[in-house]
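Hello,

Here is the structure I promised to pass on. Please open it first, then read my notes below.

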Amino acid sequence: MRLPVLLATAILSLAACAPKPPPEPPPAKLTLAPADFRDMPGWATDRHAEALPVLARSCDRLVRQPADRALG
């Protein structure tokens with residue numbers, strides 16, 4: 001009984017060490033499409049008003065950045 005458990009543990013341990021395939025590369029070109037808020041999961045139940053103060057602080061910081069500074 002002990003050998004099958006040890007063997008299964010060893011196989012699972014080795015399988016966990018196997019290299020994972022690389023993630024799919026992003027598309028060469030960003031394509032934007034119109035979306036409706038109703039189509040976004042959770043949009044109707046989110047508490048948007050709670051995010052407004054944080055958004056305002058972020059916008060204030062962005063406005064004060066030099067014009068030649070990259071975002072992101």
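**Salt bridges and their surroundings**

D60 is partly exposed, with a relative accessible area of 42%. Keep in mind that this is a predicted model.

The side chain of D60 meets that of R64 in a salt bridge, at 3.2 Å from N to O. R64 is exposed, because its relative accessible area is 59% and the cut-off for exposed is over 50%.

How many salt bridges does the structure hold? It holds three.

Another one joins the side chains of R38 and D36, with N to O at 2.7 Å. R38 is exposed, at 72% relative accessible area. D36 is partly exposed, at 28%.

R47 and E50 form a salt bridge too, through their side chains. Here the N to O distance is 2.8 Å. Both R47 and E50 are exposed.

**The aromatic pair**

I then turned to the rings. A search of the whole structure finds one aromatic pair. The pair is F37 and W43, with ring centres 4.4 Å apart.

Why does this pair count as stacked? The ring planes of F37 and W43 are at 20 degrees, and planes under 30 degrees apart count as stacked.

Where is W43 placed? W43 is in the loop between α1 (2-17) and α2 (52-63).

**A nonpolar patch**

F37 and W43 turn up again at the surface. Together with M40 they form a nonpolar patch there. The accessible area of F37, M40 and W43 together is about 280 Å².

**Helix α1**

α1 has 16 residues. At 1.5 Å a residue, α1 should span 22 Å. The end C-alpha atoms of α1 are 23 Å apart, which agrees.

How many residues of α1 are buried? The number is zero, so α1 lies largely in the open.

**Where to look**

For a quick tour, begin with the salt bridge of R64 and D60. Go on to the stacked rings of F37 and W43. Then view the nonpolar patch that F37, M40 and W43 form on the surface. End with α1, which lies largely in the open.

Best wishes

Notes
Residues are numbered from 1 along each chain as its sequence is written. This is a predicted model: local features need pLDDT of at least 70, side-chain atom pairs count only at pLDDT 80 or more; totals for chains, interfaces and linings use all residues. Side-chain values use heavy atoms; hydrogens and water are left out. Patches are made of residues with over 30% relative accessible area and no salt bridge: like charges are joined within 9 Å, nonpolar side chains (Val, Leu, Ile, Met, Phe, Trp, Tyr) within 5 Å. Accessible areas come from the Shrake-Rupley method with a 1.4 Å probe; for residues, only the protein chains shown count as cover. A salt bridge is a side-chain nitrogen of Lys or Arg within 4 Å of a carboxyl oxygen of Asp or Glu. Helices (H or I, at least four residues) and strands (E, at least two) are DSSP runs, numbered from the N terminus. Rings of Phe, Tyr and Trp (its six-membered ring) pair if their centres lie within 6.5 Å; planes under 30 degrees apart count as stacked, over 60 as edge-to-face and the rest as tilted. The expected span of a helix is 1.5 Å times one less than its number of residues. Buried means under 20% relative accessible area, exposed over 50%, partly exposed in between (1.4 Å probe, protein chains only).
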